[in-house]
Amino acid sequence: MKNGYERFVRPLLFSLDAETAHQLAVRLLCGASHFNVALRALKSFQPPSNPKTVFGINFSNPIGLAAGLDKNGVALRAWAALGFGFVEIGTVTAKAQLGNPKPRIFRLPAQQALINRLGFNNDGADAIADRLRILRNSKRWPTVPVGINIGKSRATPLEQATDDYLYSFRLLREFADYITLNVSSPNTPGLRELQEPQKLSELLQMFGKEAGAAPKPVVVKISPDISAAELEGILAVCEEHQVAGIIATNTTLDHSSIPSQLDQEGGLSGSPLQEKSTASVREIAARSTIPVIASGGICDAASAREKFQAGAQLIQLYTGFVYRGPGLLREIGEKL
Ligand SMILES: Cc1cc2nc3c(=O)[nH]c(=O)nc-3n(C[C@H](O)[C@H](O)[C@H](O)COP(=O)(O)O)c2cc1C
């Protein structure tokens, strides 16, 4: 049976093009973040509490918001009110950037999927740090853990990627419960090369040096489009550098499961990604003790359960949330 969001809100949002609908939804949630009465209304969707501690952080439930929905960190309180157990903002880059030309998000409703080639459109680390500082000073910081996902600015050459990541890290770490290094988005040329063991090792080494007295958990977000041998190399480097967690996975460039007439350039997410990304979770859990945060194709309670059975400690939603709305959180929370 369809939930209230699917019956009433989704038809309105889906009457707009995908990016306009996304901007409208985020704007409304941003507005709601300022009003206690609106936040109370959002709380009616909350799933039951299901506390869990992972890499030293307490989560009120294991269902998080995946990176990309709130790239600029404008609606933190609303996500928390909806009942997400943690919220990952970003991807934030050192330089503000507009991203790729529009249109750049495409819906595939029959497949419960999206294709996007946004290319890290975001306000940049300086502006986002200022926004987060204002929120913290206003004493309205959300009660849930906040992850900040950082990536490389498009204009920065790959050889200078480490400095670019460090710039964002230095500005944003004071606001983050954990930091995600995004080395797996398919829409920034060359970014995925940072998953190569030597390059990843250099990046993590610099983060290790920066850690200081109160190190923040660092999490690495990986692509589903890597071979078993490549994953082995990534795990070895992550273990050597004591990475706190691995997010498996980002969107895929493997579009073989969708009809060619619907195809678009970009990263595919949602149901067609589910199996592949669960396979990555299973592989990591079998080979390593690093906690896994599962992301990819979670569209109902069964696909969420599949991730935990594969060995995930936490899960994150994106495309499923676009199609099913806040009811999805409750459905998963109640059936876990
Ligand atoms: C429109 C869109 C934008 C995204 N932007 C980001 C991003 O900025 N950074 C990131 O790490 N992942 C990004 N993702 C990937 C999601 O966080 C998630 O890992 C992926 O979509 C798989 O989960 P899903 O199948 O539940 O959507 C984006 C996904 C979509 C659909």
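In what order do the three strands of the open sheet lie, and is the pairing parallel or antiparallel? In this predicted model, the three strands of the open sheet follow the order β5-β6-β11, and their pairing is antiparallel. The edges of this sheet are formed by β5, which spans residues 105–108, and by β11, each of which pairs on one side only. From one strand to the next, the twist averages 20 degrees. Strands of a sheet pair through backbone hydrogen bonds, in either a parallel or an antiparallel sense. Between β6 and β11, the antiparallel pairing extends over four bridges, and Ala-113 is placed opposite Gly-270 of β11.

A polar backbone atom of Ala-67 is found 2.7 Å from a ligand oxygen atom, and a polar backbone atom of Tyr-318 is 3.3 Å from an oxygen atom of the ligand. Of the 600 Å² of accessible area that the ligand has on its own, the protein covers 98%. Two or more residues of the shell around the ligand are contributed by each of β4 (86–93), β6 (113–116) and β11 (267–270). The shell holds 23 residues, of which Ala-67, Thr-91, Ser-295, Gly-297 and Thr-319 come nearest to the ligand. By residue class, the shell around the ligand is made up of six nonpolar, 15 polar and two charged residues.

Strand β4, one of the elements that give two or more residues to this shell, is mostly covered, with eight of its eight residues buried. Strand β3, comprising residues 63–65, runs parallel to β4 and is joined to it by two bridges, with Leu-65 standing opposite Val-87 of β4. Strand β7, comprising residues 146–151, likewise runs parallel to β4, and here the two strands are joined by five bridges; within β7, Gly-151 is the bridge partner of Thr-93.

The loop between β4 and β5 contains Gln-97. With a relative accessible area of 15%, Gln-97 is buried, because the cut-off for a buried residue is under 20% relative accessible area. A polar atom of the Gln-97 side chain lies 3.0 Å from the backbone oxygen of Phe-120.

Leu-172, for its part, is found in helix α6, which covers residues 161–172, and is buried, with a relative accessible area of 0%. The C-alpha atoms of Leu-172 and Arg-133 are 9.5 Å apart in space, while the two residues are separated by 39 residues in sequence.

Definitions and conventions
Residues are numbered from 1 along each chain as its sequence is written. This is a predicted model: local features need pLDDT of at least 70, side-chain atom pairs count only at pLDDT 80 or more; totals for chains, interfaces and linings use all residues. Side-chain values use heavy atoms; hydrogens and water are left out. A residue is near a molecule or strand if one of its heavy atoms lies within 4 Å of it. A polar contact is a pair of N or O atoms within 3.5 Å; within protein, one must be able to donate a hydrogen and the other to accept it, and residues adjacent in sequence count only if both atoms are side-chain atoms. Accessible areas come from the Shrake-Rupley method with a 1.4 Å probe; for residues, only the protein chains shown count as cover. Ala, Val, Leu, Ile, Met, Phe, Trp, Tyr, Cys and Pro count as nonpolar, Asp, Glu, Lys and Arg as charged, and the others, Gly among them, as polar. Two strands pair if DSSP finds at least two bridges between them. Axes are lines fitted to C-alpha atoms, for helices over the stretch in contact, and angles run from 0 to 180 degrees between N-to-C directions. Buried means under 20% relative accessible area, exposed over 50%, partly exposed in between (1.4 Å probe, protein chains only).
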